[in-house]
Amino acid sequence: MEKPLDPNLVEQVKKLQQKYAVMGQDLSSYLDGLLHADYLTYWDYIHLDTLLSLQNPKTQFPDEKVFIVYHQITELYFNLILWELEQISEKQPLDQAFFVARLDRVIRYFQLLESSFTVMVDGMEREQFLKFRMSLLPSSGFQSAQYRLIEMCATDMINLVNPQEREALREYSDFDLQVEKLYWRSGATELASGKKTLTLQQFEEKYLEIFKSTGMKYRDRNLSRLYEQHFKDSPEVVSRLREFDQLANVLWPLAHLKSAGRYLQRDPEDIKATGGTNWQKYLPPRFQKIMFFPALWTDQEKADWGKAGVLKNL
């Protein structure tokens, strides 16, 4: 005697039938497909074979693979951060619980990024790096577009302008002019002539229009604006935003600086970065003073920007 169907299973089939009927689809056809489909495997689900085929060193130095994998992992974390920021910006209505929960995720990703730099600082032989890096010209970690997009999703464009020109441009709403004066653009100029490096030229050619469209898209829905609109002065939100600001603009750049110093600092003259970027002036937070949420910091904290990160590293 056949065992009767589980009533819960019958109910689920009915719900599926209703779901596909709304779309004008026949459930039985989908069930036929399910009967013939193979079981899903872990390696197929995450495309493991493809993932492991994406490391293609340009030299025979073993540590170049460490360098490639580390940067790929970094970009995946950036992608997760952007995914969370996009969810925040599109949530309707946006409530504090959701805002804080997604911010906590972003903070967690940046904490992992900050601590992961030991893979670079302690995980490669200096002599190997100084040799294989010459095969990477003119590419540079400077060309990480996702990191620039994170900045634009977090704050107003004026807060990303060169500190020397920020106040002068604050009164103007000329978006294109603000983009022209973004702080990182001056970080990829030739040390001697001040001209744009090939690294910067390539980067702008590929991504500048994307940056402009993203900046416009998030002009009224970046984290700073959403805080002002919905959660102003909420202690819970303020604490998260301050932590995010410190991680993204102090602790992460200092971890990067420590890595650069480990491999590129040399007496009597520092070694140039692969893209010709002026890393000594570009990476230290005390020079750029980039803050996503300047209203959340006191004048003294702004003056000491970067100091907390230095003390932590010491």
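Student: On what basis are the features reported?

Tutor: The model is predicted, with local features requiring pLDDT of at least 70 and side-chain atom pairs pLDDT 80 or more, while totals for chains, interfaces and linings use all residues. Residues are numbered from 1 along each chain as its sequence is written, and side-chain values use heavy atoms, leaving out hydrogens and water.

Student: Which residues of the largest nonpolar core touch the most other members?

Tutor: In soluble globular proteins, nonpolar side chains tend to be buried together. A nonpolar core is a set of buried Ala, Val, Leu, Ile, Met, Phe, Trp, Tyr and Cys residues joined through side-chain atoms within 4.5 Å; buried means under 20% relative accessible area with a 1.4 Å probe, protein chains only. Here the largest core has 68 residues, and Ile-81, Phe-99, Phe-110 and Phe-244 touch the most other members. Helix H14 (235-264) is among the elements that give two or more residues, and its 12 residues are the largest share. Helices are DSSP runs (H or I) of at least four residues, numbered from the N terminus.

Student: How do H9 and H12 cross?

Tutor: Two packed helices are described by the angle between their axes and the distance between the axes. The axes, lines fitted to C-alpha atoms over the stretch in contact, with angles from 0 to 180 degrees between N-to-C directions, come within 10 Å for H9 and H12 and cross at roughly 20°. H9 is therefore roughly parallel to H12, a term for angles under 35 degrees.

Student: Is H9 covered or uncovered?

Tutor: H9 is mostly covered, with 10 of its 10 residues buried; among them are Arg-148 and Glu-151.

How values were computed: Buried means under 20% relative accessible area, exposed over 50%, partly exposed in between (1.4 Å probe, protein chains only). Angles under 35 degrees count as roughly parallel, over 145 as roughly antiparallel, 65 to 115 as roughly perpendicular and the rest as oblique.
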